[in-house]
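Visitor: Please take me through one part of this model at close range. Then connect that part to the rest.

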Number of protein chains: 2
Amino acid sequence: MATIGDVARVAGVSRSTASYALSGKRSISAEVREKVEQAVLSLGYTPNAGARALATSQTKVIGLLARFLEDEFAPAMLQYILGVTNRARERGYDTLLLTDEDGVSALRRISDSRMVDGFILLNVAENDDRLGILRAAAQPGSLVGLPGDPSGIDVFDLDFVAAGRLMVETLHELGHRNLILVSQPEHVLERGGAYVSRLANAAQDRARELGVELHHHFAPSSQPQIGLELARLLDAHPNATGLLLNNEAAAAALPSVLRSRGLSAPADISVIGRYSDDFARTFSLPYTAIDSAADELGRRAVERLVSRIESTSDAVSPIVDLITPRIDDRGSTAVPPTRH
Amino acid sequence: MATIGDVARVAGVSRSTASYALSGKRSISAEVREKVEQAVLSLGYTPNAGARALATSQTKVIGLLARFLEDEFAPAMLQYILGVTNRARERGYDTLLLTDEDGVSALRRISDSRMVDGFILLNVAENDDRLGILRAAAQPGSLVGLPGDPSGIDVFDLDFVAAGRLMVETLHELGHRNLILVSQPEHVLERGGAYVSRLANAAQDRARELGVELHHHFAPSSQPQIGLELARLLDAHPNATGLLLNNEAAAAALPSVLRSRGLSAPADISVIGRYSDDFARTFSLPYTAIDSAADELGRRAVERLVSRIESTSDAVSPIVDLITPRIDDRGSTAVPPTRH
DNA sequence: CTGAAAGCGCTTACAG
DNA sequence: CTGAAAGCGCTTACAG
């Protein structure tokens, strides 16, 4: 492989001149620039990334820490990952994907060896043990997922409080007064998925304010359990006219549950879910839903991280950026059916 | 960050001795080794990856090229990716995930800049334009997906010919003589997904040999089109007693299609799919299926790549490793119903 | 506007 | 068994 020395020799200039001609970091005569560019072309020169990293202390690589938890809907993760890799590339960065079981030691290993310029952490838990390492690391980081203590770090997440309120308000406005909220399993919460309770509590509070009866239940995240549980909940709350789903598996299972009971949405029951647009397409789910905005969260995390990496002053104060929930109306909500 | 120089100073030895003590590449007195290890611990020393890469020409990173094609079932990709990243880590490698639209230039960019020691290409097409670059690259590569011309490169794929035969044989043995095969859309084939026709042709040939009538159809890969098409096929072939699905969306749509027709598998119709075990779990699909073995393919590709990277002689001849299809019996096949 | 030189942090022949 | 030195391929002050 050609080196900058080869380029310099072919162009008949010094190595420093060749380097400056390529970086544009000092003025170069048109003539010399031309010769250098010719040499680069004829030699097919590309800078050696390791050498450049050593000289500049910049790798142009972002470390992406993905956690794959049991009982989590893994395909959803792909949207976050693509949001990150694609936007990173647009900003001139490549992505090192870290899927180690032990995120703490992966983070330490990559940080200490200076393999990346910054980190993005996915699936951040309420009390995430990776945050201590990240705060002490030499490289900046962005989180996707709001932890209990976000101090000192940039955080991006869906506004689950607003999401819970929005779900209730939307059906309340249509005239619903009796709703069921199906959350993810309780152990997701115990593991640190505080967004589950953020949404549920906000929904409860808003329901109380509006005089709406809200039945909140944690439910399994896999078939066939979730299907059975949905049927049980519909039996248990016969007066409920609306179903709020903060549980992807429940959304996927609902069509067949409704069909087998001879019900349809929104004629018999209104439904609002919370999942990604992509998830809706994959499963062809017909429900109005709050988009979880996975790719957008990934993109924002990258933007912020890159500007922090490239900013000279490191006194930029950290932000917590909660995306305002947006409803994708797929026509599964309506006024409640008139009882007879 | 501490350097090897710091370690040497604290341990009271030369930098080369410190380096050798850590690599174990020459014999070191127990006493010196002890002092060096102490120094490493007290300083929290980790080698700088860029410097090491520059000195050794080894990055300990694998480049993973993933293509996300329209009309492809994206979540399936995640299994391949995890198979690769996890096995790579076990072998001491990290993974650079490349999702560039233009795989050709991504491959060239990463190869020329010496950012990785080898490549794994996912979703390889019949006539994949990345292969030319890969063959000319300084780093070795493994393919997941069999191209038309695999010469000179290690290839890993499911044996789709055997899969087609196996599907037909399994139902033939049970007594079925009239089958429908649902393939992915024809444009998947046109785009280079030759596995579609490899499976279909093998199934056709085997059916002919066994005196089985086989109706082969390309079908859409998204809802609601695929559901309608399945219904149409069942109408068009009322005497068919078995359904072979080489189309993930068809498998996902089938439960509701059967239910709405009052049919059930295997009582009324036998079903064999071809998708990953993980896919079956996610959608809780009840069908017997040939596992697409995504993670196993990823793992094998890594094993081979690593041994090629680390082998001194580069005269190792390339292999084409086709995984023998394995049927996961979920009870959706039986003897055909007796007509009356 | 350009060049000679130092330095980034490692590894590894070469000498002893 | 250990050390001094060269070299990997860049970038960037320092000098002119």
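Guide: Start with helix H5 (residues 74-90) of chain A. At 1.5 Å a residue, its 17 residues should span 24 Å, and the end C-alpha atoms are 26 Å apart, which agrees. The expected span is 1.5 Å times one less than the number of residues. Helices here are DSSP runs of H or I with at least four residues, strands are runs of E with at least two, and both are numbered from the N terminus.

Some ground rules. Residues are numbered from 1 along each chain as its sequence is written, while chains are lettered from A and ligands numbered from 1 in the order in which they are written. This is a predicted model, where local features need pLDDT of at least 70, side-chain atom pairs count only at pLDDT 80 or more, and totals for chains, interfaces and linings use all residues; side-chain values use heavy atoms, with hydrogens and water left out.

Back to H5(A). The helix is mostly covered, with 12 of its 17 residues buried. Buried means under 20% relative accessible area, exposed means over 50%, and partly exposed lies in between (1.4 Å probe, protein chains only). Among the buried residues are A:Pro75, A:Met77, A:Leu78, A:Ile81, A:Leu82 and A:Val84. A:Gln79, A:Thr85 and A:Arg87 are also buried. After H5(A) comes A:Gly92, whose phi is positive, near 90°.

Now the whole of chain A. Its secondary structure comes to 14 helices and 12 strands. Of its 340 residues, 51% are buried. The C-alpha atoms fill a box of roughly 95 × 35 × 35 Å along the principal axes. The radius of gyration is 26 Å, whereas a compact globule of 340 residues would have one near 20 Å. That radius is taken over C-alpha atoms, and the globule rule is 2.2 Å times the number of residues to the power 0.38.

Next, the DNA. A residue is near a strand if one of its heavy atoms lies within 4 Å of it. Around DNA strand C there are 30 residues, and A:Thr17, A:Arg26, A:Ser27, B:Ile4 and B:Arg15 come nearest. They divide into 13 nonpolar, 11 polar and six charged. Ala, Val, Leu, Ile, Met, Phe, Trp, Tyr, Cys and Pro count as nonpolar, Asp, Glu, Lys and Arg as charged, and the others, Gly among them, as polar.

Polar contacts are pairs of N or O atoms within 3.5 Å; within protein, one must be able to donate a hydrogen and the other to accept it, and residues adjacent in sequence count only if both atoms are side-chain atoms. The side chain of B:Arg52 places an N or O atom 3.0 Å from a phosphate oxygen of DNA strand C.

DNA strand D has 29 residues around it, with A:Ile4, A:Arg15, B:Thr17, B:Arg26 and B:Ser27 nearest. Of its atoms within 4 Å of the protein, 49% belong to sugar or phosphate and the rest to bases. One is 3.1 Å from an N or O atom in the side chain of A:Tyr20. A polar side-chain atom of B:Ser16 lies 2.9 Å from a base nitrogen of DNA strand D. H2 and H4 of chain A, with H2 and H4 of chain B, are the elements that give two or more residues to this surface.
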